[in-house]
Every structure is written in C-alpha cells, then in structure tokens.
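Let's take a walk through this model together. Have a look at the whole thing first, and then we'll go piece by piece.

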Amino acid sequence: MGTFIGHVYPGLFLLAYGLYQAVVVSKAVILSDSFPDPSLPPKNKGRWARLWKMSHRGLLKMLAGFGLMAYEISCVERGLTLMNRDLPPRFMYTKQWQHLTMFILLTLNGCIDIMSKNLLPQRCVPLEKGILVLTFYVLLLLLVSHVQDSVGVEMHVHSLLILVVLLLMLVFTAKLWAPDTFQLAVIETFLFQMMGSWLVQAGFILYKPVSGYPWEDDNISDIMFVTTFFCWHVMINALCLLGIYGVSSFWHRCYHPSWKLTGSREAPGYIYSRRPLYQLLQEVEQSEKDDQALLSKSSP
C-alpha cells in the first residue's frame, strides 16, 4: 500500500462504495413514508435466484480484500517474511504487514456479511454491525501505529485520514444502539466518500504530485495546503451527497410517482414505515435490482 496504486485503488473502492451507498440512502430517505408491501413474493425466481440473493457487498469486500492482499505481497521482491535471520532476530516489513492486516480485516468482514445473509437460518444484523465496528477499531489502532516514522507532509496526510476513520468508528459505535437513525446513515455515507477521495488525493500528494515536483516537508505552506485540500474534499463530497439526493428525488418524482402516497397512509398496497433502517435499505436495493432486471428484459 506504500505506493501510488496502493493508495488509489483502495480509495476508489471506498469512494465507489460511498457513492453507491449515497444512492441507496437517498432513495430510502425519499421513500421512508411509504413502501410497497414487503409481504409480496419476490419477482426473481429460477436457477439464478440463489445467486441473486447473495450478499453483493460481502462478495465485493472479499474480492477487493483478496486482490489487495495479492498486490501487497507481490510488491515485496524477496517475499513477505516476518523476521530476519540475524541474532537477535528483528521484525521485517512492518508497514507491509500492517497493510496486509487491514486487507485481511476487509476480507473477513465480507465473509461475515455472506455468512449472515446466506448461510445462517436468519440474518444476524447485530453480528454484521459488531464485526464492522471491531474492524474499524483495529484499523484505527493500525493507522495510529502506521505514522510513527512519518514526518512533514506524509504525517499530516495520514493524520487527517485517521480523523476520518475515528469519526467512522464513532458513527458505527453509535449505530449499535441507534441502528434506525437516518442521520447516522447519511454521516456514514459521507465519511466513506471522504475516506475514499482522501486516499486517492494522498496517492497524488505523496507519490505523483500534479506539479511534477515533490511536496517539501520543511515548507510550511505545503503542510498548510494539505489541510486546505482536505477542506475542499469535505465541501465537494457534501455537495456530491446533496446532488445525489436531489437527482434521486427528481427521478422518483418524475418516473415513480406511484411510489408516493396521494391520499391516506392507509391506502391499499402501502403500509406506514416503522421498520428498522436496514430493512428499508434492503427493500430499496431489491427494488433497484428489479428495475435493472426489467430494463435488461425490455432492451433488444
């Protein structure tokens, strides 16, 4: 991960996840007053029904984790050994082992998602949330240790990343006691976007600066502009989140007017939504998949 690609690829993965989650949360917020009756039978049947029900998030986390682990191991020319043969022995490749631990956590988190949704008799959402919180607690510890030998610009870049991870950890911890809060879901989505976009920015700052000249650790203006860029990321991601909500609201107002209640909330086929947030998000994701399936069938 101590390379340009090692920062940009995880950043793009987190940014894409944050943008997708922004669409899902926006749709859930828009439709929070009324939903089609969830007791209706699912539309997807046949031989691919089991594959369609697989936890796509968990599968994506596993694939991303395995890919990043393979890339991290391939970056070490002589092999990723734990200790040398000197007397007394010393630990080697400390940062690489920390990177590998982060990617193992991502893979295990994906495994837990798949196990909870597809292997257990009933989905265990508290288990998924608990493992996610534990993952970010460990990630925060690794990042704090990761910057011990960093100075100047690199130290400042990673300190701001640690701030985002700390806030995400607090949000996930709060969601253990308040899982049905839309505000926490929106903050979580925003922080995932921040974490992803800032990792991409960190790759350009540390390894491929746009000017072609490396940032200087002893130049106070360079260090100050790291914070300025971070603030720009905050504003851009906030505007992006607001724009996604606006586009989603316009889309559902124009193309799905039947999803809104035109009369009483006791109208046939609709129920008043007082279900947990994760159930609303599940129904939103399922409706998106149904729309994609209908579009693929209707296209020549």
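Start with E128, which is buried, at a relative accessible area of 11%; buried means under 20%, exposed over 50% and partly exposed in between, with a 1.4 Å probe and protein chains only. Keep in mind that this is a predicted model, where local features need pLDDT of at least 70, side-chain atom pairs count only at pLDDT 80 or more, and totals for chains, interfaces and linings use all residues. Residues are numbered from 1 along each chain as its sequence is written, and side-chain values use heavy atoms, leaving out hydrogens and water.

E128 sits in helix α5, residues 125-146 (helices are DSSP runs of H or I, at least four residues, numbered from the N terminus). Setting aside residues up to four places away in sequence, E128 touches I112, D113, S116, K117 and R123, where contact means heavy atoms within 4.5 Å.

Now move along to helices α7 (residues 182-206) and α8 (residues 220-255), whose axes come within 9 Å and cross at roughly 140 degrees. Axes here are lines fitted to C-alpha atoms over the stretch in contact, with angles from 0 to 180 degrees between N-to-C directions. That makes α7 oblique to α8, since angles under 35 degrees count as roughly parallel, over 145 as roughly antiparallel, 65 to 115 as roughly perpendicular and the rest as oblique.

Which residues of α8 are buried? Among them are D222, I223, V226, F229 and F230. The buried residues of α8 pack against α1 (4-30), α6 (152-177) and α7.

Key:
Helices (H or I, at least four residues) and strands (E, at least two) are DSSP runs, numbered from the N terminus.
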